[in-house]
Amino acid sequence: MTHTVEKIGGTSMSRLNELRDTLLIGGREGDDLYGRVFVVSAFGGITDLLLEHKKSGKPGVYGQFANSDTGHGWHDALTEVSKAMIEAHEGVLDHPGDVEQATDFVRNRVEGARNCLIDLQRLCSYGHFQLSEHMLQIRELLSGLGEAHSAYVTVLMLQRAGVNARNVDLSGWRDDGHYTLEERIMKAMEGVDPASEMPIVTGYAQCTEGLMREFDRGYSEVTFSKLAALTSAREAIIHKEFHLSSADPKLVGAENVRKLGRTNYDVADQLSNMGMEAIHPKAAKTLRQAQVPLRVTNAFEPGDPGTLIDDQPAETPAVEIVTGLDIVALEVFEQDMVGVKGYDAAILDVLTRHGVRIVSKVSNANTITHYLDSSLKTMRRVEDDLAKLYPQAQISARMLSMASVIGRDLSTLCVLTRGLQAIAEAGYESIGATQGPRNVDVQFILERDDLDPVIAALHGAFVSPQASQKLKTAA
């Protein structure tokens, strides 16, 4: 247990030349360079072009291929991917020879994928073969292009700088073997010695489980956590472009935020539930079960230890983070619901069928309200299905927001009472509020436009130096 496994995200990868001079090499020499395994994402924006834009949903190659009758759309989209990849490595590689090798790599992979999709379209023109049955494999094939490219470019750059870097490609390109994720990783790591070389591992791994089936675009963190667990890493590290802090500096002011020095996986799960992922919940589970601590750092401040996430409880009660997200409140009111079983199960079945993520829920005698992370388009379909199930019920969907105060131990802090008071003093109103008995989070339901100022008010009430002094005095 002498090595670390470290993940670099796509936005940071686009500043790879800066990372070379700070995180990857910096002032290290000789043996100090090694003992680190890096898992890399695709360069920023590449996966959006390959699949679809993560925020807007604009279709990339995958979306164009799935919906195209002529094929021209996806062909053009794949050409755009090739151009974007070349532009990405031209922006970070200094040596012309490295640029040429990287460009050849892109053309080989992209044209190989193009020929594969052409052959598949031709095959599926026969009635015995249905394109729909192959779409998941296509999505996986395309995803792997981005990480294979970024890993290859990183190795070229490091080798040019004199580092004994090694490309560990888990994408399964032209591989006729069938491996589980564990088998894929262990096979690729055979003969790799992190003590004397720097493995650069693709965030995407082709495996029989199909990472995208369950994790979709969260697959790189799953690969990262599995690699750390299987190789008994001393520590797993995620490098972001920012520190894990008590709130968004844009909302509360950079001078008021506090960097989290330490927290636990329970808090990480609460953050994930609020759409602020420090790490994918399934990846966190893998690390937790393997007893591998996680550290989240700022990639461009390598001297800062960042935030350690482990399974240890807090020493004293404290609010650690205030965050929030936009939600849709789905309310089902049925006067005859009281005393009747099955309503909640039926609603959950509909939400599951439409792939809607539940953030939280509350209920009383005749009303069940789910707070959901979903689009209005999806919610209309959900409402239609529920109306068919319960024609006498009143069903409504309302656009709201949720602010959440989170900490390993919130006991004795009176967060619910003090939070409602802080919201009122700031001139706003909480439509609803919930606190569980485990004392790890308190949620406040708000109008959409009130979220940002309420986060600032709650942060000021619980995290600012003045608030900390008040809490100590009250205790």
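Is W74 buried or exposed? W74 is buried, with a relative accessible area of 0% (buried: under 20% relative accessible area; exposed: over 50%; partly exposed in between; 1.4 Å probe, protein chains only). The model is predicted, so local features need pLDDT of at least 70 and side-chain atom pairs count only at pLDDT 80 or more, while totals for chains, interfaces and linings use all residues. Residues are numbered from 1 along each chain as its sequence is written, and side-chain values use heavy atoms, without hydrogens and water.

The structure holds 4 aromatic pairs (ring centres of Phe, Tyr or Trp, the last by its six-membered ring, within 6.5 Å; planes under 30 degrees apart are stacked, over 60 edge-to-face, the rest tilted). In one of them, F65 and W74 are edge-to-face, because their ring planes stand at 75°, with the centres 5.3 Å apart. F65 counts as buried at 1% relative accessibility. Y204 and Y219 also form an edge-to-face pair, with 5.6 Å between centres and 90° between planes. Both Y204 and Y219 are buried.

Charges sit over two rings, those of F300 and Y62 (NZ of Lys or CZ of Arg within 6 Å of the ring centre and within 35 degrees of the ring normal). R15 lies 3.6 Å from the ring centre of F300. R139 has its charged end 4.8 Å from the centre of the Y62 ring.

The largest nonpolar core has 103 residues (buried Ala, Val, Leu, Ile, Met, Phe, Trp, Tyr and Cys joined through side-chain atoms within 4.5 Å). L142, F224, L287 and L294 have the most contacts inside this core. Another core, of 19 residues, lies apart and includes A403, L451, A461 and V463.
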